[in-house]
Every structure is written in C-alpha cells, then in structure tokens.
Amino acid sequence: MSAPQQQPYQPNGPFGAMQPVQTPAAAPRPPSDARLPRLFAAMMGVFAGLLVLVATFLPQSTYEQLSEGKAVSKFAETGWTRSFDIEPSAEEKEFYDKTHVARYGIPLSAAALTLFAGAAVGFASYRRGSASPAATTSRTLLIAGGAGTAIGVWMLGMDISASLSFGQDTGRFVSRYGTGSGFWILLAGGLVALLTVGLAIVANRREPAVPQQAPYPATFTPYPPGVPQQQYPPQPQAYEPPPPPTPPAGSALQQQDILRPSPDNPPQPGNT
C-alpha cells in the first residue's frame with residue numbers, strides 16, 4: 001500500500017487572505033513645510049531689493065522756497081544727486097556745485113545686492129536641508145541684507161524728519177520741505193526687508209526626519225481585541241508502514257530466524 005500524498009498546508013481565516021505586500025516605488029518626496037519659509041524669504045528678499053533700488057533713483061525729499069507767493073527755488077534730492085525744477089541763479093549754482101547730497105544710494109544699493117545674492121543662493125539650495133552650507137549662506141546673506149536695508153531706511157527717515165523741521169514762514173518768504181515718492185517706496189522696501197529677516201530666521205528650523213514606512217503598523221495584531229483566535233486541525237503525518245508481525249514462540253518461522261545467520265556475523269568457512 002502506497003503512502004498517501006501529503007498536501008501543503010493551506011491556512012484559513014484572516015491569514016489565508018494575506019498576500020505578500022508589494023512595496024511601490026518611492027515617489028519623489030515633496031518639499032516639507034519647513035522649507036517654505038526659506039522659499040518665501042528668498043522671494044521677499046528679491047522684492048525688497050527691487051523696491052530699494054528703484055527708490056534710490058526717485059525723489060526722497062523736496063525743497064521749495066516762495067517769495068511773495070512766487071516760487072524762486074525748487075529742487076528734489078534722490079539717493080544719488082539733486083535735480084532742480086527751477087534753474088538756480090549763478091551764485092546758487094556755484095554753491096550747489098561745491099556741495100552734494102547725502103548719498104544714501106550707496107549703502108542701500110549694497111544692501112539690495114546682498115539681498116539678491118542671498119535670494120539666488122536660496123533658490124539654488126531650495127531642495128537641500130536647512131543645515132547645508134548653501135542654505136546657511138543664503139540665510140546669512142538675507143539676514144545681513146535685510147538688516148542693512150532696515151537700518152539704512154531708518155537713518156534716512158531720521159534725516160528727512162529733521163529737514164522737515166526747517167520749514168519757515170515769515171510772511172514774505174516761505175520755505176517748505178517735503179517727502180517724495182522715493183521715500184515712501186523706500187519705506188515699503190524697509191518693511192519687506194524686515195519681513196525677509198523674520199522668514200530667514202524661521203527657516204533655520206531643521207526639517208523633520210522622514211519615518212521609514214513599514215508594511216504594517218508597529219501595533220498590528222491579526223485579531224481584534226476580545227476575538228478568540230481560530231484553532232487549526234493538526235497536520236496529517238506521513239504514512240509509515242507497520243513492522244512485520246513477530247512469529248509465535250516455538251514456531252518453525254522463529255526457528256528458521258534463529259538458524260539464519262545474521263548479516264552482521266557471517267558464517268565462517270570452517271563452520272559449514
């Protein structure tokens with residue numbers, strides 16, 4: 001009789017439906033929220049630098065002198081030079097040729113260029129970590145450029161505020177000092193520069209580490225709590241044929257077995 005074929009074990013219950021988990025190919029990870037302040041800081045740095053550069057070429061302060069209600073002198077000052085709306089007399093022109101305005105355009109332009117450099121490095125290192133050398137360089141340049149811009153705007157504001165107090169009205173002569181469009185644009189640039197500094201400081205945070213994805217949660221259990229586990233029947237063992245029966249004592253078969261030489265002790269030629 002041939003031994004029965006042993007069938008492979010087929011589990012039932014919740015394990016029977018479980019198939020090997022196919023891990024999909026990892027898609028490119030989108031930038032985390034911790035990188036967004038770095039991008040915004042670079043964008044605000046470019047915006048602040050443009051405002052500052054444009055404002056240095058626009059009138060920042062104005063001066064007008066009236067004599068008996070008629071304008072006799074009128075000019076505007078930018079961050080680089082002085083422009084006249086009414087041509088001055090020969091004596092006044094000689095005086096103005098020997099003097100110059102406070103050239104706030106030099107430090108403000110330097111601060112704007114620093115903002116541009118920090119923004120360029122920030123855009124180039126956007127995909128890198130916040131602790132990388134490129135990200136650190138971008139953050140340093142943005143903070144330095146933004147702080148320099150804010151300080152320059154504050155000093156220019158104090159200067160213009162002092163000139164506004166020089167206005168006089170004696171009845172016959174009237175002197176008026178005012179602010180130009182360049183000052184207000186420069187003030188907006190200073191506020192954006194401060195925002196850039198704040199975003200650059202916030203961007204110093206480290207990105208959180210990405211957790212390793214597992215096929216199942218760490219607390220995965222095959223059975224819900226309180227549900228008894230399924231009992232499986234014991235597996236059938238491989239068939240083994242039974243040993244031959246022992247002949248009765250004193251029978252011819254037993255005597256034949258006794259007289260039969262053992263394979264471990266073969267008969268000697270002299271004993272046959």
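Before you click anything, one term: a residue counts as buried when its relative accessible area is under 20%. Also bear in mind that this is a predicted model. The mean pLDDT of the protein is 77, with 64% of residues at 70 or more. If you colour by pLDDT, look for residues 15-21, where the value is below 50; in the model this stretch has eight contacts beyond near neighbours in sequence.

**Stop one: helix α5.** Select residues 181-202, a helix of 22 residues. From first C-alpha to last, α5 reaches 32 Å, close to the 32 Å expected. Now show side chains: the buried ones in α5 include F183, L186, V192, V197 and L199, along with glycines such as G182, G189 and G190. What do the buried residues of α5 pack against? Bring up α1 (36-56), α3 (105-124), α4 (133-164) and β5 (173-179), and you have the partners.

**Stop two: the core.** Next, select V52, A55, Y104, L108, A112, V153, L156, I160, F183 and L186; these ten residues make up the largest nonpolar core. Helices α1, α3, α4 and α5 each put in at least two residues, and α4 gives the largest share, three. Zoom in on L108: leaving out residues up to four places away in sequence, L108 touches V52, T56, T149, G152, V153 and L186. Apart from that core there is another, of nine residues, among them A41, A48, A193 and L199.

**Stop three: A42.** Move to A42 in helix α1. Is A42 buried or exposed? It counts as buried because its relative accessibility is 0%. Beyond residues up to four places away in sequence, A42 touches A119, F123 and L142.

Switch to cartoon and find the open sheet of five strands, in the order β3-β2-β1-β5-β4, with antiparallel pairing. At the edges sit β3 (82-84) and β4 (168-169), each pairing on one side only. Two bridges join β4 to β5, and Q168 stands opposite S175 in β5. To finish, bring α4 back: this helix lies across β1 (61-67) and β5, running at about 160° to β5.

Notes: Residues numbered from 1 in each chain as written. Predicted model: local features only at pLDDT ≥ 70, side-chain atom pairs only at ≥ 80, totals over all residues. Heavy atoms only, no water. Helix = DSSP H or I, 4+ residues; strand = E, 2+ residues; numbered from the N terminus. Expected span 1.5 Å × (residues − 1). Buried < 20%, exposed > 50% of the residue type's maximum accessible area, 1.4 Å probe, protein only. Contact = heavy atoms within 4.5 Å. Pairing = 2+ DSSP bridges. Axes fitted to C-alpha atoms, helices over the stretch in contact; angles between N-to-C directions. Core = buried A, V, L, I, M, F, W, Y, C linked by side-chain atoms within 4.5 Å. pLDDT = per-residue confidence, 0-100.
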